[in-house]
Each structure stands twice: as C-alpha cells, then as structure tokens.
Amino acid sequence: MNSASPVVGIVMGSSSDWETMKAAAQILAEFGIAHEARVVSAHRMPDEMFAYAEAAQARGLQAIIAGAGGAAHLPGMLAAKTLVPVLGVPVASRHLQGVDSLHSIVQMPKGIPVATFAIGTAGAANAALFAVAMLANQDAALREQLAAFRVRQTEVARAMTQDLQ
Ligand code: RP5
C-alpha cells in the first residue's frame, strides 16, 4: 500500500469482503494512488463508521469505495455523513448472490447519492477505475496513465481473436 496520506479509502463490512474489495486496492496500487483499506461494519461498528465518514474530508480522502454484502447499509450511511463521494460495491452474498447487496446499495432515496457498481470483483475494480477518473480530472499525468490503461485493454482484446483456433 502507498505510504503517502490516503486520497481514496476502501472500506468494507467484514474481512470476508476483502476477497472482492482487494480488486479495488490492486487497481489503485497499479495507478500509484495512495489508499487505505479498513473494516468499518455499519451494524457492528456504527460509531466507528460515523467517525470514519465525519473525518474523511479533513483527512484528505477524495473518494470512499465502500463494499458490503446482504442488507448493505454501509455505503449509504457513509454517504449520509460525508460530502466525499461514495462509490458502492455490492459484495456477493451466500443466499442471494449479491442481488440483495446490489438493491440495498443502488436504491438510495433521492438526496443522498451512492455511485453503485456491479456485484463482485468487476464492481470493485470499476469503482477504483472510476476513482482514478475522478482524480485524473485534476491530474494530467494520471489522465495519461488512464489512457494508457485503456490502450492496453484494447490490445489485449484484439489479441483474443488468435486464441479462437
Ligand atoms: C456484511 O455481512 C459484510 O459486508 C459481509 O458481506 C457480510 C457477511 O459478513 P461476515 O459474516 O462474513 O462477517 O456486513
């Protein structure tokens, strides 16, 4: 993890979410974005959750990527307590495979937005890429890195045809 002050916080409801959420950390590390990862359970650590949200802006966080599964209140409750943009990642749950998490996160009532991503590791990675894009608005070098990432992705996809034989 980058040792500079974090500009992106990755939080999750349980260490069991890390298998999913580490996809966000990997992307941020790839782009050299200082970040932190913490368990801040909404229903088991409500006081810490509020404290994390209340301190986020002063600590320099520019985005919070929040992952949770089941009745996933974490992203919405964080968003209620901070003006820092919250990017929500629905973690796949055992019984409903994350559809419960998705609905819990995406169906925020009007007024407190949570940018919601796909269920699972694709959502975690895309939340991090979205945070990179937000930061890149004010950072030309980061914008170039993001453009290069897209070019590499295109090259990988073009090369796939040769594997079809
Ligand atoms: C949620 O409950 C967490 O976000 C996790 O996805 C789910 C299960 O938590 P554990 O029982 O694995 O701690 O709060």
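This is a predicted model: local features need pLDDT of at least 70, side-chain atom pairs count only at pLDDT 80 or more; totals for chains, interfaces and linings use all residues.
User: Before we look at the structure, what makes a residue buried or exposed?

Analyst: A residue is buried if 20 or more other C-beta atoms lie within 10 Å of its own.

User: Why is Gly 88 called buried?

Analyst: Gly 88 has 28 C-beta neighbours inside 10 Å. The cut-off is 20 or more, so Gly 88 counts as buried.

User: Where does Gly 88 lie, and which residues is Gly 88 in contact with?

Analyst: Gly 88 belongs to strand S4, residues 86-91. Setting aside neighbours within four places in sequence, its contacts are Ala 66, Pro 75, Ile 105, Val 114, Ala 115, Thr 116 and Phe 117.

User: Now the helices: why are H5 and H6 called oblique to each other?

Analyst: Helix H5 (residues 121-136) and helix H6 (residues 140-159) pack at an angle of about 140 degrees. Roughly antiparallel would need an angle over 145, and roughly perpendicular covers 65 to 115. The pair is therefore oblique. Their axes are 8 Å apart, and the crossing is left-handed.

User: Which residues make the contact of H5 and H6?

Analyst: From H5 come Val 132, Ala 133, Leu 135 and Ala 136, and from H6 come Leu 142, Arg 143 and Leu 146. They divide into six nonpolar, no polar and one charged.

User: How do the residues of the shell around the ligand divide?

Analyst: Three are nonpolar, six polar and one charged. Among the residues around the ligand are Met 12, Ser 14, Asp 17, Gly 69 and Val 91.

Note on methods: Residues are numbered from 1 along each chain as its sequence is written. Axes are lines fitted to C-alpha atoms, for helices over the stretch in contact, and angles run from 0 to 180 degrees between N-to-C directions. Helices (H or I, at least four residues) and strands (E, at least two) are DSSP runs, numbered from the N terminus. Angles under 35 degrees count as roughly parallel, over 145 as roughly antiparallel, 65 to 115 as roughly perpendicular and the rest as oblique. A crossing is left-handed if the near helix is turned anticlockwise from the far one by less than a right angle, and right-handed if clockwise. Two residues are in contact if their C-beta atoms, placed from the backbone, lie within 7 Å. Ala, Val, Leu, Ile, Met, Phe, Trp, Tyr, Cys and Pro count as nonpolar, Asp, Glu, Lys and Arg as charged, and the others, Gly among them, as polar. A residue is near a molecule or strand if its C-beta atom, placed from the backbone, lies within 6 Å of it. A residue is buried if 20 or more other C-beta atoms lie within 10 Å of its own, exposed if 12 or fewer, and partly exposed in between; C-beta atoms are placed from the backbone.
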